[in-house]
Amino acid sequence: MKRQGIWKVLGVVVVLAVALGGYGWYEQQRAADDGGPRGGPVEMPSTQGDFSLTQMDEDQVAILFFGYTYCPDVCPMSMAVIRQVMQGLDDEQRQRVVPVMITVDPERDTLERLEEYVGFFGDDFIGVAGNEEQLEELAGRYNVVWRRVETPDSAMEYTVDHSSSLYLVDRDGQILQRVLYSPTPHPLRSALESELGS
């Protein structure tokens, strides 16, 4: 009798766990639909003149990265990963990829500074800098979060905490894939190969 009671309780627990798991998945999917990045046009001044995703060919893919030139760790690492992946592509594939860094520090990142910074990673890299209003509108569409952190004891005066995902987008700004931050090239390489192969 006791054993039957235990099995009944376990059965109820399993059913509840499955139901809650399904509800959790549904909520996660709904949240992704409601609050997920929508993407869309990117049109701002850049290190190569006025930049727009619509300038790309139909078969090209942009890698969008939101960062800033004074970033001590995540940004140079992400840019190095993009460079490493780009170097691993053949010439035809490389022509189809447009790496774009959008600054989240428009106060300090002038186009001249961006040009010098992205130049360290390769001639294909484009630095994009809009004003605060343009950045807020664009970041809102891509669900990019950033905030200024004052560092009064530092010569830099402040740093910027920010999202670190990479976005693979087409010429319409449709997000093809979002690649989470990684210090290794494998996630980006895999995502890019799947898009270039399609």
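Cysteine 71 is buried, with a relative accessible area of 9%. Cysteine 75 is buried too, this time at a relative accessible area of 0%. A disulfide is a covalent bond between the sulfur atoms of two cysteines. Searching the whole structure turns up 0 disulfides. All of this comes from a predicted model.

Zooming out, the protein comes to 6 helices and 9 strands. It has 198 residues, and 40% of them count as buried. As for the contacts with a separation of 6 or more, 69% are accounted for by residues 24 or more positions apart.

Next, the helix packing. Two packed helices are described by the angle between their axes and the distance between the axes. Here the pair is α2, covering residues 74-87, and α6, covering residues 186-196. Their angle is about 45°, and the axes sit 9 Å apart. Angles under 35 degrees would count as roughly parallel and 65 to 115 as roughly perpendicular, so α2 and α6 come out as oblique to each other. The crossing of α2 past α6 is right-handed. On the α2 side, the contact is made by Val81, Ile82 and Val85, while α6 brings in Leu188, Arg189 and Leu192. Sorted by type, the residues of this contact give 5 nonpolar, no polar and 1 charged.

Another arginine worth a look is arginine 141, which lies in helix α5 (residues 132-141). Is arginine 141 buried or exposed? With a relative accessible area of 13%, it falls under the 20% cut-off and is therefore buried. Leaving aside residues up to four places away in sequence, arginine 141 touches Pro37, Arg38, Gly39, Gly40 and Pro41.

Asparagine 143 is found in the loop between α5 and β6 (146-151). Its phi is near 55°, a positive value in a residue other than glycine. Asparagine 143 has a relative accessible area of 34%, which makes it partly exposed.

Glutamate 157 also has a positive phi, of about 75°, although it is not a glycine. Where is glutamate 157 found? This residue belongs to strand β7, which covers residues 157-162. The relative accessible area of glutamate 157 is 51%; the cut-off for exposed is over 50%, so this residue counts as exposed.

Definitions and conventions. Residues numbered from 1 in each chain as written. Predicted model: local features only at pLDDT ≥ 70, side-chain atom pairs only at ≥ 80, totals over all residues. Heavy atoms only, no water. Axes fitted to C-alpha atoms, helices over the stretch in contact; angles between N-to-C directions. Helix = DSSP H or I, 4+ residues; strand = E, 2+ residues; numbered from the N terminus. Parallel < 35°, antiparallel > 145°, perpendicular 65-115°, else oblique. Left-handed = near helix turned anticlockwise from the far one by under 90°. Contact = heavy atoms within 4.5 Å. Nonpolar A, V, L, I, M, F, W, Y, C, P; charged D, E, K, R; others polar. Disulfide = S-S within 2.5 Å. Buried < 20%, exposed > 50% of the residue type's maximum accessible area, 1.4 Å probe, protein only.
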